[in-house]
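Take a look at the model below.

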Amino acid sequence: MGSNLIDALFVFMLAAFIGFEVIRHVSPLLHTPLMSLTNALDAIAVVGAIVLVGEKKSTFATVLGVIAIVAATSNVVGGFLITDRMLRMFKTSRPTNK
Amino acid sequence: MTEFAGSQYLIEIIYLIASALFILSLKWMSSPATARHGILAGEIGMVLAIGGTLLHHGIVDYKWIIIALVLGSGIGIPLGMVQMTAVPQRTALSHAFGALCVTLVGTAEFYLRTPNVPKFMMSVLSMEVILGGLTFTGSLMAAGKLQEILPQRPITYKGQNFVNLLLFLVAMGSAVYLVLHPEAKIFFPIIVGVSLIFGVLLVIPIGGADMPTVISLLNSYAGLSAAAMGFVLDSKLLIIAGALDGSSGLILSIIMSKAMNRSFTNVLFGAFGQVQASAAPGQEAKPVRSATPEEAAAILLAANKVVIVPGYGMAVAQAQHKVRELYDALTKKGVEVRFAIHPVAGRMPGHMNVLLAEADIPYDRLIEMDEINGDFPQTDVALIIGANDVTNPAARTDQSSPIFGMPILDVDKAHTVMVIKRGMSPGFAGIDNPLYYLDRTLMLFGDAKQFVGGIVRELGGGH
C-alpha cells in the first residue's frame, strides 16, 4: 500500500504537469471543444463503476454502480459526439468573391 | 490487488496505452487543424479502456453492465446533438453527470470497505465525495441558470459567506474525524449530504456573466474528484485522466479570472465577488445618438475596416447566422471584416468562437482581444452585437467602477462605434456603460437578429 500510494502521487504530479503544458498551448478558439473533450475523457471513471457492478458485492453497490455507469457513459458518448460536431464547424477562410 | 492474474497485466498495459492516447488527444487539441485527430485518439483510448476493464477477473456478471452502458449511450446521443447555443448548459450538465458517477462509486466503495478503511484511503475517499458532491449539485445549479430554469440573477442573502464557510468546515471536520475514527460510519452520509448542499449554495449567488469562470472551476473540480477516485481504486489511468481534466479546468479558470480581473485566490475559494448591482442611478437619461438600419448600412459600406464584437446577446437572439450574412455582404463589397473575441464573452470559455464557427465564419477571422486591441484606432467601424461589460471603457478609467481593471476591448478607439442593443437598460451586472454616450457612438436599438437582418437587406438592396 505504502509504495502504491507514493507511486500514485508521482503519477498524479507528472500527469498534472503534462496537463498544464499541453493545455497551455490550446488555442482560445478551441476552449469550448477542449472542455467538452476533457469532460468525455474524465468519464473514464466509468471503469471504476464497471468493476463495481461486475463484482456484485452488494445490491447497494450494484445499484449505485449502475447509475454511475449510465451517467458516465452518457458523458463519453455525448462528449465525443458534440466535440466532433463543434470541430467540424471550424473552417478556415475560403475565397470569398464568388 | 493481491493476486496479480495474467489478465491483470494485459489490462494494465491497455490502460497504459489509453493514458498515452488521452494525452495525445489533448495535445492535438492545440490547433484546429489537428483537433479532430484528438477526438479519434480519445475515442480509441476510451474504447480500449472500457474493453480492457471488461476483462477484469473480478467481474462475475455482465448483465447490468451491458444494460447500463446501453442506457447511458442512449442518453448520451441526444446530449451530444443539442444546439450550439445550448452548449454551456450541456457542459454544466455533463460536469454534473461526471461528478455523480464519482460520488456514487465513492459512496459504494465506502460501504463495501468500512470499517476497515486505512487512513490514507479514507482521506482520498472523503476528498472524492466532497468534490464530487459539490460539483454535482453546483453544476446542476449552473445548468439550471444557463437553461433559465433558475433565475440568472445572483441569489444572495445575509451571512451567505458565513453559512458557506460553516458548511465547508462541517464537511472537512467530519472527514477528518472519519479518517481518525473509521468506525464512526454515521459521518459518511453527513459528508456527502453537506457537500451536496454546499454545491447548491456555492453556485446560487453567482450571476450569469460569471458563468465562464464557474464552469471552468467546476470542470476542474470534476477532474480532481476523478483523480481522487483513482487514488481510492489504485487506478493510474483514472489518476492521469483526472489530473489532465483538473489541470485543464484550472488553466481555463485562471484565464477566465484574469479576463475578469479577479484574483486567483478569489476563484479558488469560489468567492466569485458578485458585482454589486448598485448601478449608480444618479445619471438620468443622458443623450445618446441612435440610427436606423439604413443609416448603419451606409456607414458600414463607407468603411474599409470593420470589427464586429459579439457577446452573449448575440447568442440569446440566435443572431449568429444573420451576422454571417452581414459578414458575407460586407466582404463582397470589399470591406475587411474581423471579429474581436473577449475571453469571457458569452457563458463559457470559447462560446463565441463556437457560435460563429457554427454560422460558417472562418476561424482565422476571429481575433483574440490582445491581438486586435492595437488595431482599433485604425478601425473605421466597431459594431457591437450583444456585448456590454467587455467593451466598457470605465474599466480603464473609472476607479470606482466595479469592473475597474478588467481588460476590455478598446472599441471606443474606433472611428465610429455602433452598438446593437435592445434598450438603454444597463447590462446584466447593472453597470452603466459610458461608451454609449460618446459622440462617435451610434445606438442601434432593436433585437440583434432583426437589426442585423435589416442591415443585410439594405446592403443587398443598395446595389
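Helices here are DSSP runs of H or I with at least four residues, strands are runs of E with at least two, and both are numbered from the N terminus. This is a predicted model, in which local features need pLDDT of at least 70, side-chain atom pairs count only at pLDDT 80 or more, and totals for chains, interfaces and linings use all residues. Residues are numbered from 1 along each chain as its sequence is written, while chains are lettered from A and ligands numbered from 1 in the order in which they are written.

Start with the loop between α4 (87–113) and α5 of chain B, where Pro115(B) lies. A cis peptide bond joins Thr114(B) to Pro115(B), with omega at about 0 degrees. Most peptide bonds are trans, and most residues other than glycine have a negative phi. Two residues stand out on phi. Glu148(B) is not a glycine, yet its phi is positive, about 65 degrees. Glu148(B) sits in the loop between α5 and α6 of chain B. Lys56(A) is not a glycine either, and has a positive phi of about 50 degrees. Its place is the loop between α3 and α4 of chain A.

Are these two residues buried or exposed? A residue counts as buried if 20 or more other C-beta atoms lie within 10 Å of its own, as exposed if 12 or fewer do, and as partly exposed in between, with C-beta atoms placed from the backbone. Glu148(B) is exposed, because 11 other C-beta atoms lie within 10 Å. Lys56(A) is partly exposed, because 16 C-beta neighbours lie inside 10 Å.

Now turn to the contact between the chains. Two residues are in contact if their C-beta atoms, placed from the backbone, lie within 7 Å. Chain A brings 82 residues to the contact and chain B brings 100 residues. On the side of chain A that touches chain B, α1 (2–24), α2 (31–42), α3 (46–55) and α4 (59–89) of chain A each supply at least two residues. The largest share comes from α4(A), with 27 residues. By type, that side of chain A has 50 nonpolar, 24 polar and eight charged residues. For this count, Ala, Val, Leu, Ile, Met, Phe, Trp, Tyr, Cys and Pro are nonpolar, Asp, Glu, Lys and Arg are charged, and the others, Gly among them, are polar.

Next comes the core. A nonpolar core is a set of buried Ala, Val, Leu, Ile, Met, Phe, Trp, Tyr and Cys residues joined through C-beta atoms within 7 Å. The largest one has 196 residues, and those with the most contacts inside it are Ala45(A), Val46(A), Ile69(A), Cys101(B) and Ile385(B). The helix that gives the most to this core is α4(A), with 16 residues. Leaving out residues up to four places away in sequence, Val46(A) touches Ile69(A), Ala72(A), Thr73(A) and Val76(A), and also Ile50(B) and Cys101(B).

Take helix α3 (residues 63–80) of chain B. In α3(B), the buried residues are Ile65(B), Ala68(B), Leu69(B), Gly72(B), Gly76(B) and Gly80(B). Seen down the axis of α3(B), they fall within an arc of 100 degrees, so they line one face of the helix. That arc is the one spanned by the directions from the helix axis to the C-beta atoms. Lys63(B) and Val70(B) are exposed on the other side of α3(B). The cover over the buried residues of α3(B) includes α3 and α4 of chain A.

Which residues of α6(B) are buried? They are Ala171(B), Ser174(B), Ala175(B) and Leu178(B). Viewed down the axis of α6(B), the buried residues keep within an arc of 100 degrees, so they line one face of the helix. These residues pack against α5 (119–146) and α7 (187–203) of chain B. The face of α6(B) turned away from the buried side carries the exposed residues Phe162(B), Leu169(B) and Leu180(B).

Thr331(B) is in helix α13 (residues 320–332) of chain B. Thr331(B) is partly exposed, because 16 other C-beta atoms lie within 10 Å.
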